[in-house]
Amino acid sequence: MEVSMKGRSLVSIADFTTEEIWQVWTLAAELKRKQKMGEPHRILEGKQLAMIFQKPSLRTQVSLETGMSQLGGHALYLGPDHIVLGERESVPDVARVLGRMVDGITARVFAHKDVEELAEHAGVPVINSLSDEEHPCQSLGDLFTIYEKCGRVEGINLTYIGDGNNVAVALLLNAAKVGMNITIINPQGHEVKPKYVQKAREDAARTGTKLSFSNDPADVKGSDVIYTDTWASMGQEAEAAHRARTFAPFQVNRELLQRAGENALVMHCLPAHRGQEITYDVMDGPNSIVFDEAENRLHVQKALMALLI
């Protein structure tokens with residue numbers, strides 16, 4: 001049974017129920033079909049989207065602007081120099097002003113608290129397009145891609161290997177809500193924060209999801225999907241050299257893929273540092289679905305905007 005999601009915000013995957021996640025994916029599949037067939041789907045005719053960006057982007061900016069255009073609306077890019085969020089004006093003030101002029105807001109920011117404050121004060125839907133704590137749009141696109149490739153999400157074994165960052169958090173929370181088993185493998189000291197593990201355990205108890213955590217890169221056997229991300233996220237550039245040494249044993253390469261299983265799919269949220277967290281031959285190999293995953297950001301975010309705005 002469909003439920004109305006109009007006026008809702010997406011700050012965290014924790015905001016959505018299992019049924020609402022499936023509602024996003026169902027619409028994403030339909031909008032993808034229409035886009036491929038050239039069928040118009042101007043669901044948001046005349047609607048305006050403000051895009052607050054503190055960080056550079058390829059996939060997020062292009063998918064949101066293109067998606068909003070395909071839906072019949074208009075997206076307004078507000079880069080780091082346009083607002084200087086929280087400095088030139090307070091976050092609540094920015095939210096209140098934008099909320100009187102646009103129909104929805106997306107925010108790609110450093111501090112997760114900024115997304116929370118935007119959602120609290122804007123009076124229009126706010127979509128977290130990335131924060132230092134979580135990347136919900138990415139995980140929705142990722143698991144939708146796995147569903148497309150595997151025909152199901154329940155019981156699929158997803159292994160994330162790398163830093164316990166915002167992408168890992170979103171994957172963990174999302175998998176726990178839809179019954180996708182997930183193993184998180186990190187170097188010691190780079191694990192997912194305990195508060196997110198606890199939240200995932202609560203949902204996993206309801207859905208039957210198996211959650212596993214390890215510091216050993218050998219623990220990839222039996223994976224249906226191997227997922228990795230950059231070792232140093234934006235804002236961690238000063239740690240890059242140290243992280244390169246720490247994470248070297250966690251590289252997704254041919255040896256690791258053979259250990260996982262010859263049919264294991266490979267994912268990366270991009271941008272990739274080829275030769276570091278993932279090798280060229282794996283990134284461009286037959287197991288890679290990295291660019292299908294990138295494309296699906298467009299379709300899933302269109303579904304989100306259509307449902308929320």
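Tyrosine 160 and tyrosine 227: are they buried or exposed?

Analyst: Tyrosine 160 and tyrosine 227 are both buried. Here buried means under 20% relative accessible area, exposed over 50%, and partly exposed in between, with a 1.4 Å probe and protein chains only.

A word on the model before going on. It's predicted, so local features need pLDDT of at least 70 and side-chain atom pairs count only at pLDDT 80 or more, while totals for chains, interfaces and linings use all residues. Numbering starts from 1 along each chain as its sequence is written, and side-chain values use heavy atoms, with hydrogens and water left out.

Now the rings. There are six aromatic pairs in the structure (Phe, Tyr and Trp rings, the six-membered one for Trp, with centres within 6.5 Å; planes under 30 degrees apart are stacked, over 60 edge-to-face, the rest tilted). One of them joins tryptophan 22 and tyrosine 147, edge-to-face, with 5.1 Å centre to centre and 85° between the planes. This pair bridges distant parts of the chain: tryptophan 22 belongs to helix α1 (residues 18–37) and tyrosine 147 to helix α6, 125 residues apart. (Helices, H or I, of at least four residues and strands, E, of at least two are DSSP runs, numbered from the N terminus.) Tryptophan 22 counts as partly exposed because its relative accessibility is 22%; tyrosine 147, at 31%, also counts as partly exposed.

Back to your two tyrosines. The ring centres of tyrosine 160 and tyrosine 227 are 5.8 Å apart with planes at 35°, so this pair is tilted. Because tyrosine 160 is in strand β5 (residues 157–161) and tyrosine 227 in strand β8 (residues 225–228), the pair ties together parts 67 residues apart in sequence.

α6 is mostly covered, with 11 of its 15 residues buried. Among the buried ones are Leu140, Leu143, Phe144 and Ile146, along with Gln138, Ser139 and Asp142. The list of buried residues in α6 also includes Pro136, Cys137, Gly141 and Thr145. Just past α6, glycine 151 adopts a positive phi of about 80°.
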